[in-house]
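The sequence and structure come next.

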Amino acid sequence: MPGLWLKGEVTAMARIELRAFGPLMKIFSQRGWSLPLHVEIAPGDTPGVLLKRLEIPEEQVEVVFINGRVEKKSHPLQDGDRVAFVPPGIPSIHRVMLGFYGKKA
């Protein structure tokens, strides 16, 4: 189960709510993950770290939204953040409407 990666010590962990769109939803479905997926994070975790931990290839995520804003994959995550992974290939009009036309994650 994602997020349950600490061994031994029982502590209150920070959690984020993760969503995926387009073909990334298929990965969630194949792995039996809920949408949204609640994931425990550690201090200093970023969307890039999360991708590695969840074994989602980084090239399958073009844009990361954190709390409704486009952020870099190196942006630090905080307890309660709402994170969304958006795959490449979103049509131009949607890119403009979502606010990430011409931006890199």
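## Pocket lining

The residues that line the largest pocket divide into six nonpolar, two polar and three charged. The model is a predicted one, and the space in this pocket comes to about 190 Å³. Strand S1 (14-20) and S5 are the elements that give two or more residues to the lining. The largest share, four residues, comes from S5.

Eleven residues line the largest pocket in total. Those nearest its centre are Arg-19, Phe-21, Phe-65, Gly-68 and Ala-84.

## Val-70 in strand S4

Val-70 belongs to strand S4. Is Val-70 buried or exposed? Its relative accessibility is 19%, and buried means under 20%, so Val-70 counts as buried.

Ala-84, one of the residues nearest the centre of the largest pocket, is 14 residues away from Val-70 in sequence. In space, the C-alpha atoms of Val-70 and Ala-84 are 9.4 Å apart.

Lys-73 counts as buried because its relative accessibility is 13%, under the 20% cut-off.

What lies 3.2 Å from a polar atom of the Lys-73 side chain? The backbone oxygen of Glu-58 lies at that distance.

## Aromatic pair

How many aromatic pairs does the structure hold? It holds one aromatic pair, formed by Phe-28 and Trp-33. A pair of aromatic rings is described by the distance of the centres and the angle of the planes. For Phe-28 and Trp-33, the centres are 5.1 Å apart and the planes are at 85°. An angle over 60 degrees counts as edge-to-face, so the pair of Phe-28 and Trp-33 is edge-to-face.

Both partners, Phe-28 and Trp-33, are buried.

## Overall fold

The protein has three helices and five strands. Read from the N terminus, the order of elements is β-α-β-α-β-β-β-α.

The protein has 105 residues, and buried residues make up 38% of them. Val-70 and Lys-73 each count as buried, as do Phe-28 and Trp-33. Among contacts with a separation of 6 or more, 63% are accounted for by residues 24 or more positions apart.

Key
Residues numbered from 1 in each chain as written. Predicted model: local features only at pLDDT ≥ 70, side-chain atom pairs only at ≥ 80, totals over all residues. Heavy atoms only, no water. Buried < 20%, exposed > 50% of the residue type's maximum accessible area, 1.4 Å probe, protein only. Polar contact = N/O pair within 3.5 Å; in protein donor to acceptor, adjacent residues only side chain to side chain. 1 Å grid on protein atoms, 1.4 Å probe; cavity = no way out; pocket = protein on both sides within 12 Å on 5 of 7 lines; lining within 4 Å. Points joined across faces, edges and corners; volume = space filled by probe spheres on them. Nonpolar A, V, L, I, M, F, W, Y, C, P; charged D, E, K, R; others polar. Phe/Tyr/Trp six-rings, centres within 6.5 Å; stacked < 30°, edge-to-face > 60°. Contact = heavy atoms within 4.5 Å.
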